[in-house]
Amino acid sequence: KWASFSPLPRPSRPDKARRLGYKAKQGVVVYRARVRRGGRKRPVSKGIVYGKPVTQGITKLKPKRNAQARAEEKVGRKCGGLRVLNSYWVNEDSSYKYFEVICVDPQHNAIRNDARMNWICNPQHKHRELRGLTSAGKKHRGLKAKGHLGHKRRPSERAVLKKNNQVKLRRYR
């Protein structure tokens, strides 16, 4: 039985891990994370949602974030000193999906002196996984779509909504 969260000595899919930035060097570690499959039940006491009937659904709701992004978040919260680089699917059963998350130690000299990897040491990359900046995070934000398919999603859905709903009272109108 696999635990919900465990460090690994090496990736179980080395070819996939290397394509996503893994290097077999000090400062790069891999964690396996487990997330529950299926929809998201609304966490309310006794199934009571106060408000309009349109918001009173309990069971047929889906999570906003995909399972892979939730696995990255789980690892990122447990390992606060590490930076989440990327992740990939490894297994699933009837109850869980399992992902392996590649993490980097930004304080390690082997990382800080590597010209191809030391970008992740910059402070703006703290907790990329919590802000939807990893590949799985960009996917659930809809940013994989290019051109006219994604013009209402950039820079974010909230920013586009604010821009389109803002009252603009120009001087000459």
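**Salt bridges, core and pocket**

User: Which residues are linked in a network of salt bridges?

Analyst: This is a predicted model, and in it Arg65, Glu73 and Arg77 are joined in a salt-bridge network. Within that group, Glu73 pairs with Arg65, and their closest N and O atoms are 2.8 Å apart.

User: Is Glu73 buried or exposed?

Analyst: Buried, with a relative accessible area of 18%.

User: How many salt bridges does the count come to?

Analyst: Six. One of them joins Arg37 and Glu92, with 3.2 Å between the closest N and O atoms.

User: Where do Arg37 and Glu92 lie?

Analyst: Arg37 is in the loop between S2 and helix H2 (67-78), while Glu92 is in strand S3, so the pair ties together parts that are 55 residues apart in sequence. Arg37 is partly exposed at 35% relative accessibility, and Glu92 is partly exposed at 32%.

User: Switching to the core: which residues have the most contacts inside the largest nonpolar one?

Analyst: Tyr22, Val28, Tyr88, Ile102 and Ile111, in a core of 16 residues. Strands S2 (28-36), S3 (83-92) and S4 (96-104) each give two or more residues to this core, and S4 supplies the largest share, four.

User: What is Ile111 in contact with, leaving aside neighbours within four places in sequence?

Analyst: Its contacts include Val28, Val104, Met117 and Cys121.

User: And the largest pocket, which residues line it?

Analyst: Among them are Lys64, Arg65, Arg131, His140 and Glu157. By class, the lining has seven charged, four polar and one nonpolar residue. The space in this pocket is about 400 Å³.

Methods: Residues numbered from 1 in each chain as written. Predicted model: local features only at pLDDT ≥ 70, side-chain atom pairs only at ≥ 80, totals over all residues. Heavy atoms only, no water. Core = buried A, V, L, I, M, F, W, Y, C linked by side-chain atoms within 4.5 Å. Buried < 20%, exposed > 50% of the residue type's maximum accessible area, 1.4 Å probe, protein only. Contact = heavy atoms within 4.5 Å. 1 Å grid on protein atoms, 1.4 Å probe; cavity = no way out; pocket = protein on both sides within 12 Å on 5 of 7 lines; lining within 4 Å. Points joined across faces, edges and corners; volume = space filled by probe spheres on them. Nonpolar A, V, L, I, M, F, W, Y, C, P; charged D, E, K, R; others polar. Salt bridge = Lys/Arg side-chain N within 4 Å of Asp/Glu carboxyl O.
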